[in-house]
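Look at the model, then read on.

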2 protein chains.
Amino acid sequence: MIFTTKAEYGVRLLIQLGMQGGSRPVSLKSVAEVENLPLAYLERIAALLKKEGLIASTRGAHGGYVLAVGAEDITMDRAVLALEGAIAPMECFIDDAAGDARVACSHHDADRQHCATKLLWTRVQLGIIKSLQRTTLAELVAFAGLQPALTSAPLPYRLGING
Amino acid sequence: MIFTTKAEYGVRLLIQLGMQGGSRPVSLKSVAEVENLPLAYLERIAALLKKEGLIASTRGAHGGYVLAVGAEDITMDRAVLALEGAIAPMECFIDDAAGDARVACSHHDADRQHCATKLLWTRVQLGIIKSLQRTTLAELVAFAGLQPALTSAPLPYRLGING
DNA sequence: TCCTAATCCGACCTCAGTGGTAGGCTTTAC
DNA sequence: GTAAAGCCTACCACTGAGGTCGGATTAGGA
């Protein structure tokens, strides 16, 4: 798997917050119930999103979380990066403090040959990040609101790897 | 990390085989020495590539591996898929026996709302696969052959056979 | 006919990270 | 004051990654 449940749960949390107007804070407990997620685990995930500045919290009774930024302005690369820590296709892609990846594989300083796999992983990484950047939270929220009409329709859920 | 060392080592192996003309089989031992990889582990990785039909083996003394397909015809999606087993961004993307991925997340049968995260992970998966499909082994081999010019010896890279 | 070099194969091992849980503390509305 | 919420730290089981080991099999050469 590429991403862990942190990304999955975190994005679901964002979607849930996005589906609320943002008028009142939404408690993690309610999100955990709706999404059927472990509350204690979700708390830690929320902390990651808060640290990134994507959500804001209100403590105390009737507290909870709201989006700190408009859903249109939240691109998923930022969210997933906050949740997963780094988006590196390979071990030797060490992320820098600046946010961009720096290659540090064993073949880099061995000047016998160029590390050709680097070319491949760099392309893959770019493909992932572009896919994430193109998707906003607003888009996912809109998508989530579509479905309830059709329940029994067999959608084409098959993803051709080779196609 | 997205990919494991299986993909890294396997692609390096393919590159090494691609850099040889394919006239004589290349032993894993020589590849392991040149790339500084554990031989026993590399054997299991080679088995994956052979099973996929990307490389062919010759047993016995002076045996080894050669590319079973031209380097131009090997796209990296096929190689990485053989090495990693499946390219699924998330746990709920269960790979089928047919080789394509089928979505089976917990939100599928819960008809309350559409699983919006599916949209995101599908895009990511597509981004990865496209990046892999665009890259051929021949391209990586050419890239690997570029660097030695900077050093003193512009010789083609040798695998320790005969020196 | 050995010896050696190579692929092949299955069992085993160790370690880090994932995916949690438990328990308590702090803040705030009613 | 109490309940509901966020916050925080420690712990813990399980899985998979990343090997290792020992052997079996095949083939070339002296």
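Q: Which elements each supply at least two residues of the surface near DNA strand C?
A: From chain A, helix 1 (5–19) and helix 3 (39–52). From chain B, helix 2 (28–35), helix 3 (39–52) and strand 2 (64–67). Helices (H or I, at least four residues) and strands (E, at least two) are DSSP runs, numbered from the N terminus. This is a predicted model: local features need pLDDT of at least 70, side-chain atom pairs count only at pLDDT 80 or more, and totals for chains, interfaces and linings use all residues. Residues are numbered from 1 along each chain as its sequence is written, and chains are lettered from A and ligands numbered from 1 in the order in which they are written.

Q: What gives the most to the surface near DNA strand C?
A: Helix 3 of chain B, with 5 residues.

Q: What makes helix 3 of chain B oblique to helix 4 of chain B?
A: Helix 3 of chain B packs on helix 4 (residues 76–84) of chain B at about 125 degrees, with axes 9 Å apart. Angles under 35 degrees are roughly parallel, over 145 roughly antiparallel, 65 to 115 roughly perpendicular, and the rest oblique. Therefore helix 3 of chain B is oblique to helix 4 of chain B.

Q: Which residues of helix 4 of chain B make the contact with helix 3 of chain B?
A: B:Arg78, B:Ala82 and B:Leu83. Contact means C-beta atoms, placed from the backbone, within 7 Å.

How values were computed: Axes are lines fitted to C-alpha atoms, for helices over the stretch in contact, and angles run from 0 to 180 degrees between N-to-C directions. Two residues are in contact if their C-beta atoms, placed from the backbone, lie within 7 Å.
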